[in-house]
Amino acid sequence: MEFALTEEHRLVQQTAREFATREILPVASQLDAEHRFPAEIVRGLAELGLMGVTVPEEYGGAGMDHVAYVLAMEEVARACASTAAIMSVNNSLVCDPILRYGTEEQKRRYLPVLASGRELGCYCLTEPQAGSDAASLQTTARLDGESWVLNGTKVFVTNAREAWVFIVYARTEELPGARGISAFLVERDYPGITVGKVERKMGLLASSTCEVLLEDCRVPRENLLGARGEGFKVALSTLDGGRIGIAAQAVGIARAALEEGVAYAKERRQFGRPIAEFQAIQWKIADMATRIEAARLLTLRAAWLRDQGKRCTVEASMAKLFASETAMFAAHQGVQIFGGYGYIKDYPVERYFRDAKITEIYEGTSEIQRMVIARNLLA
Amino acid sequence: MGRDVWVVADHAAGSVRRITLELLGKGRELADSHRGKLVALGLGHGLEGLAQVLGEYGADVVLCADHPSLASYTTEAYGEVVSSLVRERTPWLVLVPSTAWGRDLAPRVAARLGAGVVTDVEALWVEDGQVLARRPMYTRKVMGTVRYVGEGPHLAVVLPKVFAPAARHEGRTAEVERVAVQPAPPRTKLVETRSVQRERASLTEAEVIVSGGRGLRGPENFALLDALAAELGAAVGSSRPPVDSGWVPHDYEIGQTGKTVSPTVYIAVGISGAPQHLAGMSGSKYIVAINKDPNAPIFQVASLGVVGDLFQIVPKLTEEVRRRKAQA
Amino acid sequence: MDVVVCVKQVPDTEQPIRVRPDGSGIEEQGLNWILNYYDEHAVEEALRVREKHGGTVTVVCVGPARASEALRTALAMGADEAVHVADPALEGADHLGVARVLARVLGQLRYDLVLCGRLATDDNASVVGSALAEYLGLPQATAISKLDIQDGLATVEREVEGGVEVLQVPLPAVFTVERTINEPRYPTLPGIMKAKRKEIRTFTLPDLGLSAEEVGPEAARVRYARFEPPPRREAGRVVTPDSPEEGARLIAEFLQETAKVL
């Protein structure tokens, strides 16, 4: 068993770290304060190949593996969780399903554009009445001649405001639950698709999270992604990869809290010495560091399994569950280490606290992850 | 083997630059301890008066290499002259100033002669008959002590302002030797030298920063800091309150939400020293603080803290700096 | 226009660097090894020369086995070929020794231009570039901030005290570059994948016809005796002067005598 990273993986990590440190970190808190989409940074990420890491070179991607992807995600998230979210949606929730389930024409039409960062994609599954119970979704798609006509409302769609292509899950069969769902590739210019309300959120403020409205939205017949009725299978397999990406994002946020906490503890003096000399602080640091190592290893293992083509649903759930709870823990401890200054926006830790929370919710809440894991053991 | 200490002079337009005097000061000490002569080497074209100055600042011997090809520095011409002189006369130590030309020249000469060369020298001494030098490494995170192997000649490229300049002995004369040199015309051509009036250094690169805080009371008072900074060749910055109050633009801000700086000297004027500000400047080598509140937290980190009225002290300081510079 | 860039792998000084308790060196545990920043600028400049004039960019490194990663980074930036001289007998060699090895490697390569970073951020020495130029018998310019090439003639700019020098240097020549010369590109992921497929030619001293006695530690003219952390900031003092003049005098004296910035 080899724990060391290969040279390519180290180079990817190094490049992502340098880019994140030089280009993203200096503006992260401003992006958060201004709720500003990081267009320049996304262009930079795309130039590095980070918007389509696992997309093969023939489709304009970097042609690298999921281990490279999670290494890069962690570095980007350490600098800015919003940027990492934008990157992860494009990679895991859009490029990945097109790669796995798309026809050759679909791959050629969408992957090069998405991987180059010229355009972004987004993933439309959740509805006002269908969150954790995604399979109960009510958006419909009815065949009318050479087009599918979609009707429904999607919520909590990251990147929707900037996206060009929307992967929309809709009910095509007269069947309840998962079996009746199909997946569609919908472009922003198709008639009947509108991006609605942009949500005001607790965190991830530099990325847009929106409502998407479909009113008799006409989608070309050939834009069915995967087979009819196979949509939920597409959604779930997509989520496996997505959860690995979110796990890496959470590790990055946690690491940011740890690094800032360590630096602050060494400088801040109370009672005549640096607070780093007090056991209470040392234990927080130790706990944060240990959990981050564990979260990272779970994430790397899930990524490795996906690269081997092996089933990784449970491992991805474990990684996402543990890493997201670690991010909340680390952010909480981080704020506590900073004391009063941890509550003040001049310091980055309060942002980590606000950003970390969503990792326990999106792409499957912690409760859902626990169900997935338990079912696997108890089946 | 040789016992002489050589100093390659940095001079221009008939005057000797300060670093030459510093090297002569240290050179004197080393030459005396080694019972050798202090020899100054002047290269150029039209060197009248140079030997006299070098003699007054302690050189026992001045070697003047005066030739049109040496009018301005080129690696090849200077390299040829210095190498052949060193090879011929085998000094013990050759001190080269750390200037753009000195850093360019010394390793080339060392390679030609197979001699040891150490750059960025901050200290130079003899221990058990061997010459040692101390120099910063890892972007100043580590100090390394280097030992020269063998008997010399040893080349040391010395940083400015680490050694005290030699004292002047008016009327003291050195033995002057006009060395006949015929350097081959260099392949490199100096096309022009553009004089650049550098704008005040940027905060992140400045060696000295003068920074103002809430204590300045208003935007117009930053003029006091500008005047001091002009005398010191310093950059001007501020803590956060002046920026929030609109007295100065955001790019002045040093601290958590501004820039992080690490100058040699940070002069904090009317700054209380809140943690957000310290985060941006605690890497400074020396911190000088002027504040009328004796309990201001800045005094806990200052190398020198002066409790007093900045409106009186800063103008007086500007005058005092001007006076001292004129004397030098 | 074939360009050779000499590069070095160094520890990342943005991370903590600790001296070993016995002063024999720095703690290597946990160091992040990177391509020297100044050499990144040199590689970037070489790539720009290639974009303008065609030709190949070859990167050369003298260093231990782990230094191949620095070469791989340069290849990922876009360099065409790489040469690594990895020989444990070179451990403890001084800069002149390293420069001699580089000169021997260059003797086997076709080149019109040699670029190096002005200095390496581990020892901050800036010796190898000039020494290499001497051993190759080539003209040099150090710390250049601009490079233009036309018809086999390079026009370079270098910052000197109080100004900028403009030099014309016939090629082939050796230049060391200052960081202000350009903004280096990041290695892209596709670049990293391509670099994986490029071969790094490895040489030992015998392959180059050199012996350890000639270029290794025995030949060194300088040796590091010990390493220490930098001097701690001295404890400060706070004074309440009798008059503003006294306060000004104290500060000016401090600036002149202690800080030495006057």
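This is a predicted model: local features need pLDDT of at least 70, side-chain atom pairs count only at pLDDT 80 or more; totals for chains, interfaces and linings use all residues.
Residues are numbered from 1 along each chain as its sequence is written, chains are lettered from A and ligands numbered from 1 in the order in which they are written, and side-chain values use heavy atoms, with hydrogens and water left out.

I then looked up the secondary structure of chain B and found eight helices and 18 strands. Helices (H or I, at least four residues) and strands (E, at least two) are DSSP runs, numbered from the N terminus. The C-alpha atoms of chain B fill a box of roughly 65 × 45 × 40 Å along the principal axes. Chain B has 328 residues, and 56% of them are buried. Buried is under 20% relative accessible area, exposed is over 50%, and partly exposed is in between (1.4 Å probe, protein chains only).

**Chain C, overall.** Buried residues are 58% of the 262 in chain C. Of the chain C contacts between residues at least 6 apart in sequence, 70% join residues at least 24 apart.

**B against C.** Next I took the interface of these two chains. Chain B puts 79 residues into the contact and chain C puts in 76. The buried area is about 6900 Å², with 58% on carbon and sulfur atoms. Buried area is the accessible area (1.4 Å probe) that two parts lose on being put together, summed over both. On the chain B side, B:Arg108, B:Tyr138 and B:Arg324 lose the most area to chain C, together 10% of what that side buries.

I counted five salt bridges across this interface. The rule asks for a side-chain nitrogen of Lys or Arg within 4 Å of a carboxyl oxygen of Asp or Glu. B:Arg108 forms a salt bridge with C:Glu134 at 2.9 Å, N to O. Helix H4 (residues 100-113) of chain B gives nine residues to the side that touches chain C, the largest share. That side of chain B divides into 38 nonpolar, 17 polar and 24 charged residues. Here Ala, Val, Leu, Ile, Met, Phe, Trp, Tyr, Cys and Pro count as nonpolar, Asp, Glu, Lys and Arg as charged, and the others, Gly among them, as polar.

**C against A.** I moved to the interface with chain A. Here 18 residues of chain C are in contact with 22 of chain A. The two chains bury about 1900 Å² between them, 56% of it from carbon and sulfur atoms. C:Glu69, C:Tyr186 and C:Leu189 supply 39% of the area that chain C buries against chain A, more than any other three residues. The rule finds four salt bridges across this interface. A:Arg10 and C:Glu69 meet in a salt bridge of 2.2 Å, N to O. On the chain C side, S3 (33-35), H1 (37-53), H2 (68-77) and H5 (189-197) each supply at least two residues. H5(C) gives the largest share, six residues. The chain C side divides into nine nonpolar, four polar and five charged residues.

**A buried arginine.** I looked up A:Arg243 in helix H6 (residues 231-267) of chain A. A:Arg243 is buried yet has no salt bridge, and the nearest side chain of opposite charge, A:Asp240, is 4.8 Å away. Lys and Arg count as positive and Asp and Glu as negative; His and the chain ends are not counted. Not counting residues up to four places away in sequence, A:Arg243 touches several residues, including A:Lys320 and A:Glu363.

Most residues other than glycine have a negative phi, and most peptide bonds are trans. A:Glu363 is not a glycine but has a positive phi of about 55°. A:Glu363 lies in the loop between H9 (349-357) and H10 (366-378) of chain A. Its relative accessibility is 13%, so A:Glu363 counts as buried. I also noted a cis peptide bond between B:Gly152 and B:Pro153, with omega about 0°. Another cis peptide bond joins C:Leu171 and C:Pro172, with omega about 5°.

How values were computed. Contact means heavy atoms within 4.5 Å.
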